[in-house]
Amino acid sequence: MKGRNSVESAMKRSNISSRSSDVVQDRKEFLHGFVDREIFKEAVASWFEDITQRDGCSAFSAPFELKDLQKFDYALEGVSFLQLIRMPNTIYASTSSGVESTSYLALEDFLHECMAALWSSFWGSSDDGVTPFFVSSIHGANYRFYQAEKAISKGKLSGLCGSGVMLKNPRHPQPKWDDIVELALMRPGVGSLVSFEDDSTAHFGAISEALFFALRVLVARSVSKSDITVNSHSVFVILVDSQNGCVVKVEGDISKLEYHPNSVYRSAATWYKSYSRVSISSVYRIWNTLGNSDWRDIGALHVLYAMFHSLVQYAGMPKHSIEDLAAEHDSRLHARRYERLGDEQGVKDNHLLLSRHRNVQSEIIHVQEEYYPTTGPEKMVNLEVGNVILVKCSSFQQSYQIDEILDDGEATFYIASLVEDPGSKFFLYISSLISQQESALEGMNSWYQVQRQTKVLNIMRQRGLSSKHLPKLIASGHVVHPGQCRKSSTCRSVYECEYSLCGAPVLITSPVGRTVADMVRASQFNSDEAIQCCHDCLSALSCSANAGIRHGNIGPENVIYVISDTRQPYYVLTGWGRSLLEENDRPAMNLHFSSTSALQERSLCSASDAESLVYLLYFATGGDSPVLDSIERALRWREASWTRRVIQQKLGDISAVLKAFADYVDSLCGTPYPVDYDVWIRRLRRHIQAEASGKQVSTSE
């Protein structure tokens, strides 16, 4: 009996395999016979006429929702595009042959830039900038692929009908149809296709060609032997002329395509009529009069979004999602507000720290209150010692009592304790609501202190960073209050609740300690503390550097001294809201503590954080404090101080190891070479242990 079942099972597998082979063979024969675009046009003419007459302008829905395009537009804010070969404008063209050849070269360049920029931004480019895709053009007579330059040199220009983004296939140097990621067909007069009610015949000529090529791609994918799993149920085709373009999306179950040897075009028409869904965008301007793409306009945005979805079909979901990149819009918005205020004038001189060495009246920048209108007469209530606030996190609520009010020179924050556990101490940061901000500068500072720092600390947690010299994220959420929110009937936002702090974002961290600025004012930052501070800050920077995070805002207000009952006192590097996570992020600007690269180029080199740490140690240990009232003067002071070895000599008075560290940082500044944190952490640790007369310093991370 078992033998009989085995035989039957084997016969079933054989029959299935045979049917599968027959289907593949039928589709290959379909592709072989499906070559005449005019016959296909006639076959689908009645279907197209029926659907356009019945539904008019709504015959074909748009492939993308406007809200999705807007989110995609936000995600592309940090992406730079550049079309090097301009699209010739036929209105101003002089010779038709030259215009036609340049048009295909420009189309290939446009598609290449779309593909390369999206790949680099969303999937992350490799070190050599190589992508798994390339661009080639299609000959309309033999349906083979040629680079536009080669086609022009071989006299095949007149036969080209479009270009496509192709998947690189090392096994097949000659591109194949199943390698097509996306197609762009060059059709004159696409800009005249404004409405289906205007001239459905004109539309039909262009669109039927897009449908023809789309079906060839879908069938080719269904019989592909490639190891890459590709979505064979949808494909995007772009229709363009020298100025305008639209997106055509075809999707449907290709297994429903019935093959009849003598009527491939009727089979294609039946499939489109019964089993397909066609979406067509409106026609938009893509290239301006000078031939450069309007990258930020909706026409190019449609093409880019179609390209994005096409790349997803072959490469899978990207490393950086649209939502992740779009979320950076808020960061850029706050940076722009900062620039509008004139960040060079708004840089703090940290006069509280420097007043130990000089008594200088700092310039006060008055900011007008017109940036954000208030929504009502009430102002934000200042929290006082003893106040209790209720913080709602993702899955719980906790009450915190304000124990102490602090100010780092840029924003107010608090030391708070849990009502249920008065012995616990935390730093509590509250972001001011837009309607309650005294100025845009205040809003920017509180946003970096709370929302941005929350993001950075969450990333540290997700990447497994663990060090006692890094702050620990305890909770994040927003302020709520007992009972229901009593709002006015016209209220559309929690910011208009009668409780002034309702909805304010909150960040809670530990441990709690005194800032280096406080220690300097109390004359408690001696040479031993300087060495310990350097060691602990380098430990924090080493840990964050392993995850590609740079601090970008090291100063005396962002280093705290923690006294613990279970271990020796230690330092924690705080204030991670201005950290650099990506190349587009900008560091904070501080005339005394920012690195040369930050002041000069608004970016960080690999040694910038270490350079800022050297400035902190120099000023905190009594180094002469110059009057720095501009970036130019700050840069001149840095150049003169390093050249004359003023900084090295001052730190050398404290310790030879600090002097050596300053020399090391000086040699790295402005170079791409990374800081060898481990070497200097070990050297400083040995020095601390030796100076402590055998008293071990805990170095557990």
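Which residue in E17 is the bridge partner of Tyr 561? The legend to Figure 1 gives the answer, and the legends after it turn to other parts of the chain. The structure is a predicted model.

**Figure 1. Strands E15, E16 and E17 form an open sheet.**
The order of the three strands is E15-E16-E17, and the pairing is antiparallel. Strand E15 (514-515) and strand E17 (570-573) stand at the edges, each with a single partner strand, so one side of each has no neighbour in the sheet. Strand E16 covers residues 559-562 and pairs with E17 over four bridges. Tyr 571 in E17 is the bridge partner of Tyr 561, and Val 572 in E17 stands opposite Ile 560. E15 and E16 pair over two bridges. In E16, Ile 560 is also the bridge partner of Thr 515.

**Figure 2. The side chains of strand E16 point two ways.**
Val 559 and Tyr 561 point one way from E16, while Ile 560 and Val 562 point the other way. In a regular strand the side chains alternate between the two faces of the sheet. Are these four residues of E16 buried or exposed? Val 559, Ile 560, Tyr 561 and Val 562 are all buried.

**Figure 3. Strand E14 pairs with E12 and with E13.**
E14 runs from residue 505 to residue 510 and is mostly covered, with six of its six residues buried. Pro 505, Leu 507 and Thr 509 point one way, and Val 506, Ile 508 and Ser 510 point the other way. Strand E12 (residues 421-430) pairs with E14 in the antiparallel sense over four bridges. Ile 430 has Val 506 in E14 as its bridge partner. Strand E13 (residues 472-480) also pairs with E14 in the antiparallel sense, over six bridges. Here His 478 stands opposite Pro 505 in E14. Strands of a sheet pair through backbone hydrogen bonds, either parallel or antiparallel.

**Figure 4. Leu 617 lies in the largest nonpolar core.**
This core has 74 residues. Those with the most contacts inside the core are Val 516, Phe 525, Cys 533, Leu 538 and Leu 617. Which residues does Leu 617 contact, leaving aside its neighbours within four places in sequence? Leu 617 is in contact with Phe 525, Ala 530, Cys 533, Cys 534, Leu 651 and Leu 658. A second, separate core has 52 residues, including Leu 118, Phe 133, Val 165 and Ala 326. In soluble globular proteins, nonpolar side chains tend to be buried together.

**Figure 5. Leu 82, Leu 84 and Ile 85 make a nonpolar surface patch.**
The area of the patch is about 280 Å². Leu 82 is found in the loop between helix H3 (66-75) and helix H4 (96-124). Leu 82 has a relative accessibility of 48% and therefore counts as partly exposed.

**Figure 6. Arg 452 is a buried residue of helix H12.**
Helix H12 spans residues 440-462. The relative accessible area of Arg 452 is 3%. This is under the 20% limit, so Arg 452 counts as buried. Arg 452 and Arg 578 are 126 residues apart along the chain, and their C-alpha atoms are separated by 7.4 Å.

**Figure 7. Asp 663 and Arg 645 meet in a salt bridge.**
The N to O distance between the two side chains is 2.8 Å. The pair links distant parts of the chain, 18 residues apart. Asp 663 is in helix H19 (residues 656-668), and Arg 645 is in the loop between helix H17 (631-643) and helix H18 (646-652). Asp 663 is partly exposed at 26% relative accessibility, and Arg 645 is partly exposed at 33%. Elsewhere, salt bridges that share partners join Arg 37, Arg 187 and Glu 209 into one network.

**Figure 8. Two further salt bridges are Lys 249 with Glu 251 and Asp 629 with Arg 633.**
How many salt bridges are counted in the model? The count comes to 10. In the pair of Lys 249 and Glu 251, the closest N and O atoms are 3.9 Å apart. Lys 249 has a relative accessible area of 18% and is buried. Between Asp 629 and Arg 633 the N to O distance is 3.5 Å. Arg 633 is partly exposed, with a relative accessible area of 36%.

Key: Residues numbered from 1 in each chain as written. Predicted model: local features only at pLDDT ≥ 70, side-chain atom pairs only at ≥ 80, totals over all residues. Heavy atoms only, no water. Buried < 20%, exposed > 50% of the residue type's maximum accessible area, 1.4 Å probe, protein only. Pairing = 2+ DSSP bridges. Patch = residues over 30% accessible without salt bridge, like charges linked within 9 Å, V, L, I, M, F, W, Y side chains within 5 Å. Areas by Shrake-Rupley, 256 points an atom, 1.4 Å probe, with all protein chains shown as cover. Salt bridge = Lys/Arg side-chain N within 4 Å of Asp/Glu carboxyl O. Core = buried A, V, L, I, M, F, W, Y, C linked by side-chain atoms within 4.5 Å. Contact = heavy atoms within 4.5 Å.
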